[in-house]
Amino acid sequence: MNQRPGPMRQKDISSCAIVGVMSEAGRRFDGTAIMRAIAIMRDRSNGLGGGFAAYGIYPEHRDHYAFHIMCESIDAQRNAEQLVSRRCTVHHDEPIPIRQVEAFHTRPLLHRYFVSVTAEARERNYGLSDDDIIVRVVMDVNASVDGAFVFSSGRNMGVFKGVGYPEEIGEFFRLDEYEAYTWIAHGRFPTNTTGWWGGAHPFGLLDWAVVHNGEISSYGINRRYLANFGYHCTLQTDTEVITYLFDLLMRKHNLPLEVACMAMAPPFWSQIDRMPADRQRLARAVRSVYGGALLNGPFSVVVGRARGMIGFNDRIKLRPMVAARRDDVLYIASEEAAIREICPEPTELWHAEGGVPIVGELRDEPVAEVAG
Amino acid sequence: MSQLRKWLVEPDFIVVRDPERCIQCQVCVRQCANDVHEYDSDEDVVLSDSSDCVGCHRCATLCPTNAVSIKRAELEFRPHGNWEAAVLRNLYRQAETGGVLLAGMGNDQPAPVYWDRLLLNASQVTNPSIDPLREPMELVTYLGRKPDMLEIEARGVSPRLTTTLAPQLELRVPVMFSAMSYGSISYHASIALARAAAAAGTFANSGEGGLHEGLREYGDHMIVQVASGRFGVDVDYLNVAAAVEIKIGQGAKPGIGGHLPGEKVDAGVSATRMIPEGTDALSPAPHHDIYSIEDLRQLVFAIKEATGYAKPVAVKIAAVHNISAIASGAVRAGADIVVIDGFRGGTGAAPMMIRNNVGLPIEFALAAVDSRLREEGIRNQASLVVAGGFRSSADVVKAIALGADAVYIATAALVAMGCHLCQKCYTGKCNWGIATQDPYLTKRLNPNIATRRLVNLLNAWAHEITEMMGGMGINAVESLRGNREHLRGVGLTDRELRILEIKAAGE
């Protein structure tokens, strides 16, 4: 799985293709559609990274955190398992099923674990929620176990990623055999990379999965801001920073989605000056308190989470993002072509506004399997 | 004690007059408060005695025929690496007077300026730069205590803020005018600073000399100082201002107090400082009610009580060796803004040995404090303002990238008003009408013109800051603040890079 970037390595810079497809009815469908959508934007990636996140794929383990771990060696895997089992009970584990794909010469060991936090761990960390403890386990493995990397840690969802074109990665992970109500995908065009499987996107933490196109010029301060709250960015990627920000603002600070997005892509002061008094007070407070969370520079991002999907653009719209709806399905993509490929006649199609989130939300609990 | 008829100290400057250009108009005679020029009516000739020339260029600048120029008096001592000319001059001076060597303005020694060893980033290809002439560029900065998080009530149609924020100062440009007391500078200079701050959407600091009645109408744009001498401090003084700053120390003279000579204490200064006319105004070295960090906390909260918790309280400290622990203590003592003044910071008067040898470069102090406060998770509890020799908008951008919320300037503002940095502020004979109370001299500074020049300076810097930010692909100053990814060091040691927490050029 090759070297990860060292701490002094220049920040990882990449351009990309992104897609998200979600059934707001919670209808589950297999991965062939999203693979076609991302494949048509092949020009936006260069074979150095691709990946997917799928929500609703492990209904039989829906109450357990699903850890996807990649390891360089059996030893690394053992060390990771040891560290995980200190705070977690493993209910089930198995190799992640794969299919031979000609393009991949090497690949890491890929294994998944369905875990829950042990009672002792809860007692030892009485101030923390299960989610907080899981975050610590993930950060500990990723920071301290050489050659092991947890790349997915949510419940009833999973991240699948690696070095290659996204359609090859999908083929490799047999995504045609999974059914999910939300799929997000990423094709990567890094301008400098170590070809590390863990460095591919989406980046996942708990049930957050983020795919992103752009380069965030505020990275340096976003990273330091997150460090105040115990998040240690080790991957030098913008996607990692965006994921942690969503986790901090929405899960830990309990901000409504709209306010979290306002913190990350705030209105201009000149717009704030024209808002009604109450709204103005809110916007001023958000900008002055959450300045470290402002994402500056060009980006378009699709964020997956258990209850929905968010498409989100920088506030002056320096990267493309198109959205569409038909029936119960919300589509978000870097290019219209990707949407038309899998939904030739959308009832609604629009270009995302800078800083205004596009939100897909589950109407009810996901319904049982319906053919896609 | 008998005085030598002639000083052993030779003049610093030589006045050169071109007799063919001189028209005997005597502008120079009238302009020089040091009596360097003299008109001989018998011969109809203007003569100059260079020995008292301070090099302020007032005569040369105003001479209508450009007949006067000022040169450095290069009396050549035999070269010596240790016993340089400046050293010898100081020794002659002290042998003559038996006194402490005085100096005005900031440290004039060639100590390294680390700003010049930091280089800024710009966008190319992977990230577009942003054109500030076409796109909004935001410099608005809020100074004051911020909570860790906001509480929002999400029920109902739109989210509602339930957190009450601590009082904040709103800056339209992240540059303020640093403390300069009325007394050390003239009323005209003070009023120009206050007016310019109001016009540019920033703040001017009163210094420790109280607030003249005429300046109180600009209170919304003034920060008033409470220093060890407590001059001019009463409850009205605290309440008329936008914020209150407790001055613990000053970069030019950490660890010592201040001294405004009685000669500068005229009726106006006397009324404003609340001291008798003609008496020396002595600020003790420490605050005599602050001998520990818990004492500081009491003063911070005494001021908050007196002002109804409606104004941010700043604590200004000089950059000294243990600066990060001290700054952390100040935040924990309740400071809403911590001001750090580096060793190049200016002054109206300081003992030369202290000015030139005590303290730390602001670059290191800032980097260390910002990192320390972040490590402790209290960086959001106070804003960080830095001062001490900021020369240009590039210095400001680099300071913000290192972690400052805003920058204080004073020397640059004086220069904008006409100061030529002759460094003789403590004599009270400022020919530019700035650092003097002599009405014959102060009327030379037109407050309206000075205001315009100060506003021009701030506007020019703001424009340059947005250009640099746009180049980095940043359109809001909060994304530059503490963003050390946009800095690279040149010619710095590994250790210096580590303290600044920046990468070397090429990394």
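Trainee: What share of the contacts in chain B with a separation of 6 or more comes from residues 24 or more positions apart?

Mentor: In this predicted model, residues 24 or more positions apart supply 68% of those contacts in chain B. A contact here is a pair of residues whose C-beta atoms, placed from the backbone, lie within 7 Å. Residues are numbered from 1 along each chain as its sequence is written, and chains are lettered from A and ligands numbered from 1 in the order in which they are written. Local features of the predicted model need pLDDT of at least 70 and side-chain atom pairs count only at pLDDT 80 or more, while totals for chains, interfaces and linings use all residues.

Trainee: What confidence does the predictor attach to chain B?

Mentor: On the pLDDT scale, the predictor's confidence in each residue from 0 to 100, chain B has a mean of 94, and 99% of its residues reach 70 or more. For the complex, the predictor gives an ipTM of 0.88 and a pTM of 0.92.

Trainee: Why does the radius of gyration of chain B agree with that of a compact globule?

Mentor: The radius is taken over C-alpha atoms, and the globule rule is 2.2 Å times the number of residues to the power 0.38. For 507 residues a compact globule would have a radius near 23 Å; chain B has 24 Å, and therefore the two agree.

Trainee: What percentage of chain B is buried?

Mentor: A residue is buried if 20 or more other C-beta atoms lie within 10 Å of its own, exposed if 12 or fewer, and partly exposed in between, with C-beta atoms placed from the backbone. By that test, 50% of the 507 residues in chain B are buried.

Trainee: Which residues touch the most other members of the largest nonpolar core?

Mentor: Such a core is a set of buried Ala, Val, Leu, Ile, Met, Phe, Trp, Tyr and Cys residues joined through C-beta atoms within 7 Å. Among the 271 residues of the largest one, Ile340(B) and Val407(B) touch the most other members. This core lies between domain 1 (13-99) and domain 2 (141-504) of chain B, because both give residues to it. The bounds come from an automatic or database domain assignment. Leaving out residues up to four places away in sequence, Val407(B) touches partners including Pro174(B), Val385(B) and Phe390(B).

Trainee: How many residues does each domain of chain B bring to the contact between them, and what separates their centres?

Mentor: The centres, taken over C-alpha atoms, are 35 Å apart. Domain 1 of chain B contributes nine residues to the contact and domain 2 of chain B seven residues.

Notes
Two residues are in contact if their C-beta atoms, placed from the backbone, lie within 7 Å.
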